[in-house]
Amino acid sequence: MDAAITGWAHTRFGRLDDETAETLIGRVAEEALDHAGLDATEVDAVFVGTFNEGFSPQGFPSTLASLRVGALRHAPAVRLENACATGSAAIHAALDALAARRIRTALVIGVEKMTAVPGDEVGDILLKASYVPEEADIEGGFAGMFGRIADLYFQAHGDQRDALALIAAKNHANGAQNPLAHIQKDLGFEFCATVSDKNPIVAGPLRRTDCSLVSDGAAALVITNLDEAWHAPRAVGFRATAHVSDYIPISRRDVIAFDGARKAWAQAMETSKLSLDDLSFVETHDCFTIAELIEYEAMGLAEPGQGARVIAEGETTIDGWLPVNPSGGLKAKGHPVGATGVSMHVMAAKQLCGEPAGATVADAKTAGIFNMGGTAVANYVSIVERLR
């Protein structure tokens with residue numbers, strides 16, 4: 001592909017009481033442009049990803065960046081949404097415009113302000129990303145949805161609670177080294193594996209440590225064509241991307257197969273002409289630990305039903321064959337929905353450029369990124385590599 005990331009910005013994720021979606025957007029827009037060494041007048045288009053659906057009273061966020069960065073006032077701006085893959089939807093829209101040569105430089109922003117609404121409303125808002133006629137009354141919101149997925153997976157392949165605890169412990173150990181993460185604490189396997197007052201059952205077999213966090217935050221990328229990228233201080237190129245959708249109702253498919261994710265990985269790897277052996281690490285969508293477990297199988301690390309072996313043998317730990325979520329993932333870093341896909345790309349770019357936020361992957365050159373919307377409904381894969 002002929003596009004590269006040349007700058008980025010990333011707020012801390014967590015409960016940011018003094019921030020709004022507007023202030024978060026403006027902050028990362030300004031910081032990303034500064035990081036890229038770019039004047040705002042050189043931005044040809046702005047792509048903003050946010051889910052919202054009731055998290056923020058302010059709709060129509062596409063031009064909010066210009067309130068902080070005045071030179072963006074007349075730049076074409078658009079808002080994208082695709083559930084928890086909203087950030088990747090914004091990135092893909094920018095890449096499409098770059099590939100069509102309609103623009104040379106894009107500013108991509110992902111944002112969500114989630115903590116301003118009461119906790120019981122969060123689940124209801126997120127369930128708008130499910131198939132509402134059949135799934136909106138699932139108890140526990142998306143935790144209940146993935147609790148059901150975990151139950152089905154366990155029925156098919158045996159109880160994997162320990163594997164889920166190993167995934168949670170791995171990601172929290174990595175996130176403890178990430179100053180941008182919502183939780184910066186190594187919780188350890190025993191805590192993650194044990195049901196307690198501090199780690200209760202949330203839904204089905206899922207404990208609190210199996211569930212990602214409700215967070216506020218924003219991230220931004222400057223993406224340019226390669227001609228522009230060679231003049232930038234740094235460049236992380238897109239070697240391949242893929243976007244595969246699936247039925248939204250879980251009643252229409254085998255929900256533990258993650259068919260869309262499997263197809264997206266296969267397409268991206270074929271386009272990149274690489275294999276998993278060529279990847280230095282992966283940032284994957286661990287909204288719940290059961291999702292990361294099934295994603296091991298979808299990306300080809302294990303056959304269906306064998307994902308537990310991957311984590312049990314340490315293949316995805318920071319010192320393993322293919323480290324997964326060195327940033328701490330959504331599990332430790334947090335999951336402000338619209339920001340997540342952009343954040344994953346920032347985390348990958350920082351790691352590749354020797355500026356990791358999280359655990360360090362030795363000699364990292366190439367990364368895979370998987371961002372998912374809904375229950376493996378919107379599936380995005382990027383293969384990125386450091387160019388300079």
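## Ground rules

This is a predicted model, where local features need pLDDT of at least 70 and side-chain atom pairs count only at pLDDT 80 or more, while totals for chains, interfaces and linings use all residues. Residues are numbered from 1 along each chain as its sequence is written, and side-chain values use heavy atoms, with hydrogens and water left out.

## The sheet

Nine strands make an open sheet with mixed pairing, in the order 3-2-4-7-1-8-11-10-9. Helices (H or I, at least four residues) and strands (E, at least two) are DSSP runs, numbered from the N terminus; two strands pair if DSSP finds at least two bridges between them. At the edges sit strand 3 (77-80) and strand 9 (281-283), each pairing on one side only.

Strand 2 (residues 45-49) and strand 4 (residues 105-112) run parallel, joined by five bridges. Ala 45 stands opposite Ala 106 in strand 4.

Contact here means heavy atoms within 4.5 Å.

## Lys 365

Head to the loop between helix 13 (340-352) and strand 10 (366-373) and you'll find Lys 365. Lys 365 counts as partly exposed because its relative accessibility is 45%, with buried meaning under 20% relative accessible area, exposed over 50%, and partly exposed in between (1.4 Å probe, protein chains only).

Leaving aside residues up to four places away in sequence, Lys 365 touches Ser 280, Leu 352, Val 384, Glu 385 and Arg 386.
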